[in-house]
Amino acid sequence: MAETNSLLNCRRGNPTGGSNPPLSAKYYFLELINSAVQNHSLYLLPVMEEFYSLQGEGTHTGKPAYFLRIGGCEVGCHFCDVKESWDVHKHTLTSVDEISRRVIANPSKAVVVTGGEPMLYNLDYLCETLNNNNIKLFLETSGSEHISGKWDWICVSPKRKHPPHKKILQQANELKVVICNVPDFVWAEENAKFVNGNCELLLQPEWNNREIIIPLIVEYILQNPKWKISLQSHKYMDIP
Ligand code: SF4
């Protein structure tokens with residue numbers, strides 16, 4: 001582990017000054033912790049929850065995986081179903097080594113890292129540790145922050161309020177666009193222009209309006225067969 005890495009893998013700013021952009025107030029206290037703790041073998045992440053379940057949505061629907069939900073997100077989607085993840089202050093700082101031990105022990109040997117926006121943090125060390133233990137790594141990101149870590153699968157779910165970096169769209173294995181209304185189909189196509197030729201293209205109905213949106217998606221896919229539908233099957237099954 002490089003000594004120069006931040007203790008807590010926050011990507012926002014530099015508490016000691018320098019050329020990095022200024023911290024948002026929201027993340028400032030985390031960098032204070034970084035500065036205060038001298039043991040650089042301890043890496044921390046604000047973990048909202050961890051659980052073992054089935055992947056409910058996207059290309060890998062139905063497969064078991066360990067889920068790691070990291071707190072903190074500044075995108076602010078109105079349809080977000082994990083708004084409690086947004087405030088990073090509310091989540092327990094947990095060592096990456098401790099997290100890794102639990103992930104490695106899970107029978108599926110797969111982890112889905114989600115949020116919040118997990119790419120607010122540098123996850124190089126987490127990924128390296130898990131890769132070394134033959135864990136398959138799945139990332140779910142809005143693409144609004146640069147990618148750190150080495151991933152087996154990158155799902156980008158682009159959000160209008162903070163559009164994804166084009167470079168991240170090119171890296172995506174899966175583009176999963178939440179559809180809330182008719183203009184979102186245009187938004188989906190705008191993002192699809194930038195993905196690579198092997199990327200899975202998925203349209204997912206916003207849960208609260210699914211009864212209206214699902215028929216629109218079905219009709220759209222029949223006319224535009226490069227797309228597939230993604231349903232939040234975990235909500236139908238009432239599992240986490
Ligand atoms: S990017 Fe994801 S976690 Fe953040 S507000 Fe939007 S849906 Fe919620």
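Biologist: How do the residues of the shell around the ligand divide into nonpolar, polar and charged?

Modeller: This is a predicted model. The shell around the ligand has 5 nonpolar, 5 polar and 2 charged residues.

Biologist: Which residues surround the ligand?

Modeller: The ligand is surrounded by C73, V75, G76, C77, C80, V82, S85, G115, G116, E117, S142 and K159.

Biologist: Turning to the helices, at what angle do α2 and α3 pack?

Modeller: Helix α2, residues 96–105, packs against helix α3, residues 124–131, at an angle of about 35°. Their axes are 10 Å apart, and the crossing of α2 past α3 is right-handed.

Biologist: Which residues meet in that contact?

Modeller: From α2 come V96, I99, S100 and V103; from α3 come Y125, L126, T129 and L130. Sorted by class, the contact of α2 with α3 holds 6 nonpolar and 2 polar residues, and no charged ones.

Biologist: How should I read the spacing of residues along a helix?

Modeller: An α-helix has 3.6 residues a turn, so residues three or four places apart point the same way.

Biologist: Which residues of α2 are buried, and why do they line one face of the helix?

Modeller: V96, I99, S100 and V103 are buried in α2. The buried residues line one face because they fall within an arc of 100° when seen down the axis of α2. R101 and A105, on the other side of α2, are exposed.

Biologist: What covers the buried residues of α2?

Modeller: The cover includes the strands β1 (44–54), β2 (64–70), β3 (92–95) and β4 (110–114). Helix α3 is also part of the cover.

Definitions and conventions: Residues are numbered from 1 along each chain as its sequence is written. This is a predicted model: local features need pLDDT of at least 70, side-chain atom pairs count only at pLDDT 80 or more; totals for chains, interfaces and linings use all residues. A residue is near a molecule or strand if its C-beta atom, placed from the backbone, lies within 6 Å of it. Ala, Val, Leu, Ile, Met, Phe, Trp, Tyr, Cys and Pro count as nonpolar, Asp, Glu, Lys and Arg as charged, and the others, Gly among them, as polar. Axes are lines fitted to C-alpha atoms, for helices over the stretch in contact, and angles run from 0 to 180 degrees between N-to-C directions. Helices (H or I, at least four residues) and strands (E, at least two) are DSSP runs, numbered from the N terminus. A crossing is left-handed if the near helix is turned anticlockwise from the far one by less than a right angle, and right-handed if clockwise. Two residues are in contact if their C-beta atoms, placed from the backbone, lie within 7 Å. A residue is buried if 20 or more other C-beta atoms lie within 10 Å of its own, exposed if 12 or fewer, and partly exposed in between; C-beta atoms are placed from the backbone. The arc is that of the directions from the helix axis to the C-beta atoms.
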